[in-house]
Amino acid sequence: MKPIIQVQNVSQRFNTASGEFLALQNVSFDIAPGETLSLIGHSGCGKSTLLNLIAGIDRPSAGGLLCENREIAGPGPERAVVFQNHSLLPWLSCYDNVALAVDKVFKRSMNRRERAEWIAHNLEQVQMGHALHKHPGEISGGMKQRVGIARALAMKPKVLLMDEPFGALDALTRAHLQDAVMRIQNSLNTTIVLITHDVDEAVLLSDRVLMMTNGPAATVGEVVDVNLPRPRNRVQLADDSRYHQLRQHILHFLYEKQPKVA
Ligand SMILES: Nc1ncnc2c1ncn2[C@@H]1O[C@H](COP(=O)(O)OP(=O)(O)OP(=O)(O)O)[C@@H](O)[C@H]1O
């Protein structure tokens with residue numbers, strides 16, 4: 001199958017007060033359509049830098065990135081981003097936050113009624129149909145994150161880029177949202193790139209886990225296939241020896257092969 005995203009020999013340098021800093025060096029990998037790929041690595045290794053390049057928020061110092069064979073030259077609605085801390089506009093309701101994105105992308109192709117239905121549908125997908133007219137200040141952190149996901153999905157992106165989307169949430173809310181993302185991915189076949197620090201989350205959600213080496217000059221350390229059948233159930237996986245082997249493999253990479261020197 002043709003890759004949807006191609007990252008080819010990408011390096012990224014930053015100018016800092018103490019001189020040039022090489023964050024990424026010669027990073028190459030492909031992502032298949034409909035795949036969920038997790039990026040995992042120690043803090044500061046360059047995961048967000050890489051995601052920002054795929055999002056088109058930044059351009060690489062060297063190398064190239066392609067989406068459906070076209071160079072990624074800037075942000076685009078086919079690559080929606082969900083950040084760790086929701087980025088909703090506090091003066092707009094949940095509905096209007098999603099409407100802003102929908103109006104931008106579909107103003108020409110959907111009429112007003114179709115857009116209204118589509119906005120409500122996406123909020124319902126993440127079980128936020130009951131809070132359409134609430135403002136971000138009136139809902140919990142997990143709910144805000146769900147609205148952020150609804151807003152991203154409402155743009156019908158081909159690729160959903162998620163930078164630690166559940167990092168700030170309690171364990172139970174996190175589990176609910178992980179399940180919601182797996183459900184939505186299964187129904188829409190969206191390609192997902194997910195940054196996470198959580199090994200269990202990486203194994204549960206991913207088709208492949210890309211482990212990064214420590215920076216500076218971070219690169220792809222190893223890519224592991226997660227061949228666990230779907231749909232996945234976290235309770236059943238707890239008894240699955242393959243799940244534990246994969247978990248061990250990633251932990252070994254992070255704490256034995258690439259230990260973080262404080
Ligand atoms: N705009 C910038 N200017 C200078 N250095 C930067 C810039 N952005 C990132 N860096 C550096 O590049 C490296 C990678 O940063 P990045 O935020 O991508 O790491 P990360 O793996 O996402 O970290 P974390 O897991 O803590 O979020 C770090 O050393 C960081 O200090």
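# Close-up views of a predicted model

**View 1. Helix H1 and the shell around the ligand.** H1 (47-55) gives the most to the shell around the ligand, with three residues. Helices here are DSSP runs of H or I with at least four residues, strands are E runs of at least two, and both are numbered from the N terminus. This is a predicted model, where local features need pLDDT of at least 70 and side-chain atom pairs count only at pLDDT 80 or more, while totals for chains, interfaces and linings use all residues. Residues are numbered from 1 along each chain as its sequence is written. In total, 13 residues surround the ligand, and the closest are Phe 14, Ser 43, Lys 47, Ser 48 and Thr 49; to be near, a residue needs its C-beta atom, placed from the backbone, within 6 Å of the molecule. Strand S1 (5-16), strand S2 (19-31) and H1 each supply at least two residues of this shell. By class, the shell has four nonpolar, eight polar and one charged (nonpolar: Ala, Val, Leu, Ile, Met, Phe, Trp, Tyr, Cys and Pro; charged: Asp, Glu, Lys and Arg; polar: the others, Gly among them).

**View 2. An open sheet with S2 and S5 at its edges.** Four strands line up in the order S2-S1-S4-S5, with antiparallel pairing; strands pair if DSSP finds at least two bridges between them. S2 and S5 (70-71) are the edge strands, and each pairs on one side only. Zoom in on S4 (62-67) and S5, and you get an antiparallel pair over two bridges. Here Leu 66 sits opposite Glu 71 in S5.

**View 3. Two cis prolines, each in a loop.** The peptide bond between Gly 215 and Pro 216 is cis, with omega about -5°. Pro 216 belongs to the loop between S9 (208-212) and S10 (220-225). Another cis bond joins Arg 230 and Pro 231, with omega about -5°. That proline, Pro 231, is in the loop between S10 and helix H7 (234-237).

View 4. Ala 217 has a positive phi of about 60° although it is not a glycine, and you'll find Ala 217 in the loop between S9 and S10. Ala 217 counts as partly exposed because 16 other C-beta atoms lie within 10 Å. The cut-offs are 20 or more such neighbours within 10 Å for buried, 12 or fewer for exposed, and in between for partly exposed, with C-beta atoms placed from the backbone. Glu 164, also not a glycine, has a positive phi near 45°. Glu 164 lies in the loop between strand S7 (159-163) and helix H5 (171-188). With 19 C-beta neighbours inside 10 Å, Glu 164 is partly exposed.

**View 5. Helix H8 and what covers its buried residues.** H8 (241-257) has 17 residues and reaches 22 Å from first C-alpha to last, close to the 24 Å expected at 1.5 Å a residue (that is, 1.5 Å times one less than the number of residues). Its buried residues are Leu 246, Ile 250, Phe 253 and Leu 254. Their cover includes strand S3 (36-40), helix H6 (199-205), S9 and S10.

View 6. The chain divides into domain 1 (5-78 + 157-257) and domain 2 (88-156), with bounds from an automatic or database domain assignment. Their centres, taken over C-alpha atoms, are 25 Å apart. The contact takes 10 residues from domain 1 and 11 residues from domain 2, where contact means C-beta atoms, placed from the backbone, within 7 Å. On the domain 1 side, H5 brings the largest share, four residues. That side has nine nonpolar, one polar and no charged residues.

How values were computed:
Contact = placed C-beta atoms within 7 Å.
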